[in-house]
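My entries follow in the order in which I made them.

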Amino acid sequence: MLGVGGGHIRLKGWQQAAVALGSAVGALLDPRRADLIAALGETTGRPFFQRVLERMKNSPEGRAILLERPRVISANVGHAWDLPENTFGAAYARFMGSRNFSPDDRPPVRFMESEELAYVAMRAREVHDFWHTLFGLPTNLIGESALKVIEFEQMHLPMCMLSVVGGTARFNEKQRSLFFQHYFPWATRAGLRCTDLISVYYERHFNEDLEDVRKRWGIIPAPVPPKPNRV
């Protein structure tokens, strides 16, 4: 089993506040800084990750995840590229391959107090692209902001809402209108309606039909953007 961190750093209260503040400012200035967003999530999210952990312990698949601690890395999910086209695993592979993404690129967890919480934080980070696949969301600024709304509904992490604030602040007028009229209401509804997604052992469902797992987990796919009106 692989470790989840690059070396855990124990912070005193004032140090944690300083890291959180610095990460928040940096992430708002540049939402593409995955390392700052990760640090913000860890330093502000401990009580929320604790609640996620308790939910996982109350779910059969969640308990299996905590026991086996699967990692979403190339060595473990590479077989998805060989699955039939209609499967969830193949859809994930298409999502990753079309963007030249690697599951190995996630930053390590550094600021969690226990190995168990560190794993929960890492799992939340690593299933992000599974959620992109299930909800059919792009990886542009609107798609990422919409997924952060869903993540907030699912895990209540302050970092998720701060990411939405930072992302929407960078929208132009057209993007802002599209997001708040179509994507934000959908994401709020979708995040509340679906099952407890952090407790799903996704790797066990790779060979199942994508539409079947969407229905089973209560997934509402993202809305199709409206076509611009012709003058």
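I began with His-156, which counts as partly exposed because its relative accessibility is 41%. The classes I use are buried under 20% relative accessible area, exposed over 50% and partly exposed in between, with a 1.4 Å probe and protein chains only. His-156 has a positive phi of about 60° and is not a glycine. I placed His-156 in the loop between α9 (141-155) and α10 (158-169). Most residues other than glycine have a negative phi.

I noted Arg-69 as well: its phi is positive, about 45°, and it is not a glycine. Arg-69 follows α4 and sits in the loop that leads from α4 to α5 (74-77). Its relative accessibility of 21% is why I list Arg-69 as partly exposed.

**Ground rules**

The model is predicted, so I took local features at pLDDT of at least 70 and side-chain atom pairs at pLDDT 80 or more, while totals for chains, interfaces and linings use all residues. Residues are numbered from 1 along each chain as its sequence is written, and side-chain values use heavy atoms, with hydrogens and water left out.

**Overall fold**

I counted twelve helices and zero strands in the protein chain. Helices (H or I, at least four residues) and strands (E, at least two) are DSSP runs, numbered from the N terminus. Of the chain's 231 residues, 48% count as buried. I then looked at contacts, meaning heavy atoms within 4.5 Å. Among those between residues at least 6 apart in sequence, 72% join residues at least 24 apart. The chain exposes about 11,600 Å², of which carbon and sulfur atoms supply 55%; the areas come from the Shrake-Rupley method with a 1.4 Å probe.

**Helix α4**

Which residues of helix α4 (residues 60-68) are buried? I found Gly-62, Ala-64, Ile-65 and Leu-66. Their cover includes α3 (46-57) and α7 (115-126).

**Core**

I took a nonpolar core as a set of buried Ala, Val, Leu, Ile, Met, Phe, Trp, Tyr and Cys residues joined through side-chain atoms within 4.5 Å. The largest has 61 residues, and those with the most contacts inside it are Phe-130, Trp-131, Phe-135, Leu-137, Trp-186 and Tyr-202. Helix α7 gives this core its largest share, seven residues.

**Aromatic pairs**

I searched the whole structure and got 16 aromatic pairs. Rings of Phe, Tyr and Trp (its six-membered ring) pair if their centres lie within 6.5 Å; planes under 30 degrees apart count as stacked, over 60 as edge-to-face and the rest as tilted. Phe-179 and Phe-184 are a tilted pair because their planes meet at 55°, with centres 6.0 Å apart. Phe-180 also pairs with Phe-184, again tilted, at 5.8 Å centre to centre and 50° between the planes.

Phe-180 and Phe-184 both lie in helix α11 (residues 173-193), four residues apart, about one turn of the helix. An α-helix has 3.6 residues a turn, so residues three or four places apart point the same way.

I checked the accessibility of these rings' residues. Phe-179 is buried at 0%, Phe-184 is partly exposed at 29%, and Phe-180 is partly exposed at 40%.

Last, I recorded one aromatic cluster formed by Trp-81, Phe-88, Tyr-92, Phe-130, Tyr-202, Phe-206 and Trp-217.
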